[in-house]
Amino acid sequence: MSKYLAAQGEISALENSGRLPASAYAGATMYTTLSPCDMCTGACILYKVARVVIGENKNFVGGEEYLKKRGVEVIVFKNQECMGLMQKFMEEKPHVWNEDIGEP
């Protein structure tokens, strides 16, 4: 991973789960803090993840609709604690947050 590119949570989860073929993830559930970005949305589709469970999508809405169109079940908890933690992170580390979502 480049020192200039932050690892996204969903990508890290797939990479760190072991050296498995994509077929091993068919039907799996991906748990995420936020709505997945375009890259992570694509990874979930590529690996045939069946369900994505999202902690909150108030601070960021990614590829939820595309996941649904591709047959992936999407569940959003709207968890208040998660929303607060993400808001705090965005306020305290805006440079990291902006890098993660591809903003200058």
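A: In this predicted model, the largest pocket holds about 280 Å³ of space (an open set of points on a 1 Å grid over the protein atoms alone, where a 1.4 Å probe fits and protein lies on both sides within 12 Å along at least five of seven lines; the volume is that filled by probe spheres on the points, joined across faces, edges and corners). Its lining comprises 16 residues (those with an atom within 4 Å of a point), and Q8, G9, E10, L34 and D100 lie nearest the centre of the pocket. Two or more lining residues come from each of α1, β1 (29–34), α4 (80–92) and α5 (94–100) (DSSP runs, H or I of at least four residues for helices and E of at least two for strands, numbered from the N terminus), while the largest share, three residues, is that of β1. By class, the lining has nine nonpolar, five polar and two charged residues (Ala, Val, Leu, Ile, Met, Phe, Trp, Tyr, Cys and Pro count as nonpolar, Asp, Glu, Lys and Arg as charged, the others, Gly among them, as polar).

Two of these lining elements, α1 and β1, also meet α2, whose buried residues pack against α1, β1, β2 and α3 (64–69) (contact being heavy atoms within 4.5 Å). The buried residues of α2 are C40, T41, A43, C44 and I45 (under 20% relative accessible area, 1.4 Å probe, protein chains only), and just after α2, K48 takes a positive phi of about 60°.

Residues are numbered from 1 along each chain as its sequence is written, and side-chain values use heavy atoms, without hydrogens and water. Local features need pLDDT of at least 70 and side-chain atom pairs count only at pLDDT 80 or more, whereas totals for chains, interfaces and linings use all residues.

Key. Buried means under 20% relative accessible area, exposed over 50%, partly exposed in between (1.4 Å probe, protein chains only).
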